[in-house]
Amino acid sequence: MNDFISLNHGSGGKLTHELIEKVFVKRFSMSEPLTDSFIIKESGSTLAFTTDSYVVDPLFFPGGNIGKLAICGTVNDLAVSGADPMYIAASFIIEEGFPIDDLVLIADSMAEEAAKAGVKIVTGDTKVVDKGKCDKLFITTSGTGILRPDMDYISTGKMIKPGDKLIINGPLGNHAIAILGARNNMAFRTTVTSDCASLNHLIHKALQSCKEILFMRDVTRGGLATVLNELAGMIKCGIMVTEASIPVDDQVRGLCEMLGFDPLFLANEGKVLMVVSAGEENKVVEILKSDPLGSYSEVIGEIIADKRELVVLNTSVGGKRIIDMPAGIQLPRIC
Amino acid sequence: MKYIDEFRNKDFVTKLVDLIYRSVIHNYTFMEVCGGHTSAIQRFGIPSLLPENVRLISGPGCPVCVTGTDFIDKAIAYSKMEDVIITTYGDLIKVPGSSSSLEKEKAAGANIRIVLSGLDALEFARLNAAKKIIFLGIGFETTAPGTAVTIKLAAKENIGNFFLFSAHKLMPPAMEAIIKNGASLDGFICPGHVAAITGSSIFDFIPERYNLGCVVTGFEPADILLSILMLIKMVNQNTPKVEIQYNRAVTLCGNLIAQRCLSEVFESCDASWRGLGVIPLSGLKLRKDFERFDIENILPIKIVFKEDNELCICGEILRGLKTPEDCPLFSEICFPENPLGACMVSNEGACNSWYKYRFVK
Amino acid sequence: MCLSIPAKIISIDGSMAEVSAGGAIFSAGLHIIENARVGDYILLHAGFAIQKISEKEAEETLKLFEEMNNSLNE
């Protein structure tokens, strides 16, 4: 195989087949012969279906790469909807000249993450564009999985009422800071790594052990502030969160203080916000803490009756302020 | 984090708030003139902790907010020149000029780089000998010494492709202009990091000439609340003076090395402040010995620029005469995603802070 | 812009230092302060150390807060 992707790799001919065979089919343990569609037979079930594109820059960063992100992101979208992720489709748009070795590393990561999450990559597509027409590599993954019975409330939050509690599974902002650090154009060093991870096993444990989890959403770009504001709008209630209970790693804090970022607005790739019935929060936190992806789980706030649908922060010194949606892009191409 | 967390101690803050409540016997209006204070006050929800009769207003303390449209327009014009790389602090890229912004120009292909320091900009110059590197020097007395050091290094190393476009400004003339403009104040929360450089004595003229108290303040909630308490006592006892609350970083005389560096490289000049107009001797320009680094000297350009939206009251807000909520544009068509005036653009601007950190009583 | 935070000097190389804020490492020019030593806390602003933080004064301020906190009456 050549060392670099050429336009011929996208032609559909011999080189395309060679590329797909050598880079993707074996790694993803795809069934052969490859067909245009993968057939799913799941009678009597409701399926959840999602898609996401990944344009992160740089492609490789501490804690992961675009491939790992492409699997985790789609797995998490399914898991927080109350579904058990099963099948992934993966499409690649590759810039002419992209090193094949890098593509192999990325495909390896995807295979590894898919195995960890217990999902299969069953179909995909590869296109090559002229140099300069896309920035190295873009990946789109779509995913499907079976929705647990009667769990559609988990995405809409329609069962939430004032007094219910909010839980986060760990510290905020690590993904954004890891990406910023990897961009090499800022004069600082950090050992922070992305929190990029598949959360479906963690979520499965929680849902199995507690029937009072009323809402879940993964906290990605736009940070916790975005999710809280979206939630307040959906349930037409207010939300109060306590700054002192929101976990943030020291280095992330230090960088936020120095660069003027707010950790509530920073992107994550391994965090889920849960709302649980009042009284059940400590039990859920204990369950989450029994998993490495939930070791630093905390109860961070509660739902309050407030027609203004405001998200309010109790600051660490006892003051109060409103948390808005972040305006515009905090950091571009973060996921 | 040391020297941060201890000054965010909730018990201290609660006690200080209690002492403030016990001390108030009038209405009080205190102005802070530092973007860092604007931001800290709103971020920690300090207005929600204070009694109704203690009002905090923001003055022209955000260097981005007081940078004129003409400066942005000229920077954009420079960025379009061949072989120019603009280096700037991140705060400046979203500031609207007459018709564009550095951010928009960057998206359209202009060579504009965000740096954290003048030293980074100088490094760009070393690594790109064929390009002209123009550093946009904004900031008050806290930031200008760093620019002065950078210019001295450029001179020492004979770096011929590094230039400064200075919008550096001085705080005391602006404070005096605010007072003379009629702002109704009972005292100043003075900028602690400016004073770390200059010393607290630069504020002596304020109680002497205008009978207003000044407390040089740190940036943590306990610092700010203690300063407010100190100012309240000055008003109650009618003993306006300059006091240092931020004594872990500020002395009477300040940082003499930084001051020497500043006066070696810069001299004061008249400067235009967005919203305040021209204030005599309130800006910094390069001295003759260093004028070869002044881009306006090497490549003078003329631009035609538009003033701000006529309904925009950033000027009155910066002068402490109105609050963001008095502005008809605030949160209606002017908000952080679509800033019409400088007070909304910068993270430290009065309108941006007010909008982001609206407090709840 | 006024963003300036206390950071600890962890290494010095000529007129440049590496300083730590919560473990994140930044470069700081030492050109406008004198007698900087590893272990000192400085105020980092726009890539420069602009002032040393006085441990003695910091402790005095904290002591004042403690006294206020402990006092029963104003």
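Trainee: Which residue in strand 5 of chain A is the bridge partner of Phe92(A)?

Mentor: This is a predicted model, in which local features need pLDDT of at least 70, side-chain atom pairs count only at pLDDT 80 or more, and totals for chains, interfaces and linings use all residues. Residues are numbered from 1 along each chain as its sequence is written, while chains are lettered from A and ligands numbered from 1 in the order in which they are written. Helices (H or I, at least four residues) and strands (E, at least two) are DSSP runs, numbered from the N terminus. In strand 5 of chain A, Phe92(A) has as its bridge partner Thr126(A).

Trainee: Do strand 4 and strand 5 of chain A run parallel or antiparallel?

Mentor: Two strands pair if DSSP finds at least two bridges between them. Strand 4 and strand 5 of chain A are joined by 9 bridges. Their direction is parallel.

Trainee: How many bridges join strand 4 of chain A to strand 6 of chain A?

Mentor: Strand 4 covers residues 83-95, and its pairing with strand 6 is antiparallel. One pair is Ala83(A) with Leu147(A) of strand 6. The number of bridges between strand 4 and strand 6 of chain A is 11.

Trainee: Which residue in strand 6 of chain A stands opposite Leu47(A)?

Mentor: Strand 6 spans residues 137-147 and runs antiparallel to strand 1 of chain A, with 8 bridges between them. Opposite Leu47(A) stands Ile146(A).

Trainee: Which strands are the edge strands of the open sheet in chain A?

Mentor: The sheet has 4 strands in the order 1-6-4-5, with mixed pairing. An edge strand pairs on one side only. The edge strands of chain A are strand 1 (47-54) and strand 5 (120-129).

Trainee: How many strands are there in chain A, and how many helices?

Mentor: With 335 residues, a compact globule would have a radius of gyration near 20 Å, and the 21 Å of chain A agrees. That radius is taken over C-alpha atoms, and the globule rule is 2.2 Å times the number of residues to the power 0.38. Along its principal axes, the C-alpha trace of chain A spans about 65 × 55 × 35 Å. The secondary structure of chain A comes to 14 strands and 9 helices.

Trainee: At what angle do helix 2 and helix 3 of chain A pack?

Mentor: Axes are lines fitted to C-alpha atoms, for helices over the stretch in contact, and angles run from 0 to 180 degrees between N-to-C directions. Helix 2 (residues 66-79) and helix 3 (residues 100-117) of chain A have axes 7 Å apart, and the angle is about 30 degrees.

Trainee: How many nonpolar, polar and charged residues does the contact of helix 1 of chain B with helix 10 of chain B have?

Mentor: Residues are in contact if their C-beta atoms, placed from the backbone, lie within 7 Å. Among those that meet are Phe12(B), Leu16(B) and Ile20(B) in helix 1 of chain B, and Leu225(B), Leu229(B) and Lys233(B) in helix 10 of chain B. Ala, Val, Leu, Ile, Met, Phe, Trp, Tyr, Cys and Pro count as nonpolar, Asp, Glu, Lys and Arg as charged, and the others, Gly among them, as polar. The residues of this contact divide into 13 nonpolar, 2 polar and 1 charged.

Trainee: How far apart are the axes of helix 1 and helix 10 of chain B?

Mentor: Helix 1 (residues 10-23) and helix 10 (residues 221-237) of chain B pack at an angle of about 15 degrees. The two helices are therefore roughly parallel to each other, since angles under 35 degrees count as roughly parallel, over 145 as roughly antiparallel, 65 to 115 as roughly perpendicular and the rest as oblique. Their axes are apart by 9 Å.

Trainee: Which element supplies the largest share of the side of chain B that touches chain A?

Mentor: The contact joins 25 residues of chain B to 17 residues of chain A. Helix 1 and helix 2 (35-43) of chain B each supply at least two residues of the chain B side. The largest share, 3 residues, comes from helix 1 of chain B.

Trainee: Which element of chain C gives the largest share of the side that touches chain B?

Mentor: Chain C puts 30 residues into this contact and chain B 43 residues. Strand 4 (41-45), strand 5 (48-52) and helix 1 (55-70) of chain C each supply at least two residues of the chain C side. The largest share, 7 residues, comes from helix 1 of chain C.

Trainee: What is the radius of gyration of chain C?

Mentor: From the N terminus on, the elements of chain C run β-β-β-β-β-α. Chain C is more spread out than a compact globule, because the globule rule gives 11 Å for 74 residues and the radius of gyration is well over that, at 15 Å.

Technical notes. Two residues are in contact if their C-beta atoms, placed from the backbone, lie within 7 Å.
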